[in-house]
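Morning, everyone. Let me put the structure on the screen, and then we will walk through it.

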Amino acid sequence: MIDVEKLKLQIDLRLIVERDLGKSRYHGRDYAVFKCPLHHEQKGWSLVVYSDHWRCYGKCQIGGDVIAWAQHYHQLTFYEACERLANGDLPQIETVNGACRVPESMAQPPDAAWQATARHIIDEACARLWSPEGQRAWGYLVWERGLSEQTIRLAQIGYLPGAPTAWREIEGLNVPCGILIPWIVDDAVWGIKVRRAAGEQRYQQVSGGNIRGSLYLADQVQPGLPLIVTEGEFDALIAWQVGSDFTRAAAIGSASHACIDRRWYGSLLGVPRMIACMDADAAGAGAATQLAALSGAVRCVQVPSGKDLSEYYQQAGENTVKEWLQRMVDQ
Ligand SMILES: [Zn+2]
């Protein structure tokens, strides 16, 4: 049971609002002033926040305690707001020194026209993956990567035939041939990563996406459940497939960009523990350090064998990986 009264006393509302909106430009001894995001305020500074309550003196004319803030700003029910604030809040997440700059505004998915084209490409690639011409790519996903048919379908993975270094122009977008991994969060297409069958650069992406601003599988994140964050999409899919009873998984996509955009902080608020499982190489170690700087709730682990979760899964099998994941999130 969540003790709401105790929860309110423990939390300084000014810190919570700062985490959501960035540092306050103006403040008094016991209050801070912000542009009110609830009415998209441009000119004034109507939102006044004290340690235990807030009020918009502008258009909204509403206010309340920390729970009311979480309800309004993150659009949660009362119960969800309590749960997120009680479970593994991540109060240090904004105060990152050097490791990860917090941009002023949140990342946005590509525009509607791009997304519509991307959807056509994804749908066509899905159909091809499950047709005879996709047989080899399908075999790779199932036999080499260990993905179940259900996971492949849920992740909407597809295939675009062609030479390993070929690109095709589809409705104005440059699309690399290979296995297509769409980055879809809450029905918005943020980008399409492509895994090449061969060549120097194994992973490329369809032009015009915003994978850097996204978090792979972010809409699977669930308050109260731990989260395993991997480097690669296939690793996250394995963690999701194997550990869905006790954890959720997400991927940052590449070790060179171990940043999580503030857009996703709201959904990470309710995550009690974040397990960063990066690749066992220098880039992975750097990424793990960056993620650990985000919050005290982040812990870095490495797979016992192989270079990443996929490889460990191939070597050790489902039961061993499941047990290992369970141990990692329980610790
Ligand atoms: Zn307002």
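One definition to begin: two residues are in contact if their C-beta atoms, placed from the backbone, lie within 7 Å. With that cut-off, ten residues of domain 2 are in contact with eleven residues of domain 3. On the domain 2 side, four of the residues are nonpolar, three polar and three charged. Here Ala, Val, Leu, Ile, Met, Phe, Trp, Tyr, Cys and Pro count as nonpolar, Asp, Glu, Lys and Arg as charged, and the others, Gly among them, as polar.

Some housekeeping. This is a predicted model: local features need pLDDT of at least 70, side-chain atom pairs count only at pLDDT 80 or more, and totals for chains, interfaces and linings use all residues. Residues are numbered from 1 along each chain as its sequence is written.

Now the domains. The assignment gives domain 1 (4-86), domain 2 (112-205) and domain 3 (218-330). Such bounds come from an automatic or database domain assignment. Taken over C-alpha atoms, the centres of domain 2 and domain 3 are 22 Å apart.

Next, the sheet. Helices (H or I, at least four residues) and strands (E, at least two) are DSSP runs, numbered from the N terminus. Two strands pair if DSSP finds at least two bridges between them. Four strands form an open sheet in the order E6-E9-E10-E11, with antiparallel pairing. Which strands stand at the edges? Strand E6 (158-160) and strand E11 (203-205) do; each has a single partner strand, so one side of each is left without a neighbour in the sheet. E10 (residues 188-195) and E11 run antiparallel, joined by three bridges. Lys 193 has Gln 205 in E11 as its bridge partner.

On to helix packing. Axes are lines fitted to C-alpha atoms, for helices over the stretch in contact, and angles run from 0 to 180 degrees between N-to-C directions. Helix H8 (residues 233-243) and helix H12 (residues 318-330) pack at about 90°, axes 10 Å apart. H8 and H12 are therefore roughly perpendicular. Angles under 35 degrees count as roughly parallel, over 145 as roughly antiparallel, 65 to 115 as roughly perpendicular and the rest as oblique.

H8 has another neighbour. The axes of H8 and helix H11 (residues 309-316) come within 8 Å and cross at roughly 55°. That makes H8 oblique to H11. Phe 234, Asp 235, Ile 238 and Ala 239 of H8 meet Leu 309, Ser 310 and Tyr 313 of H11. That contact has five nonpolar residues, one polar and one charged.
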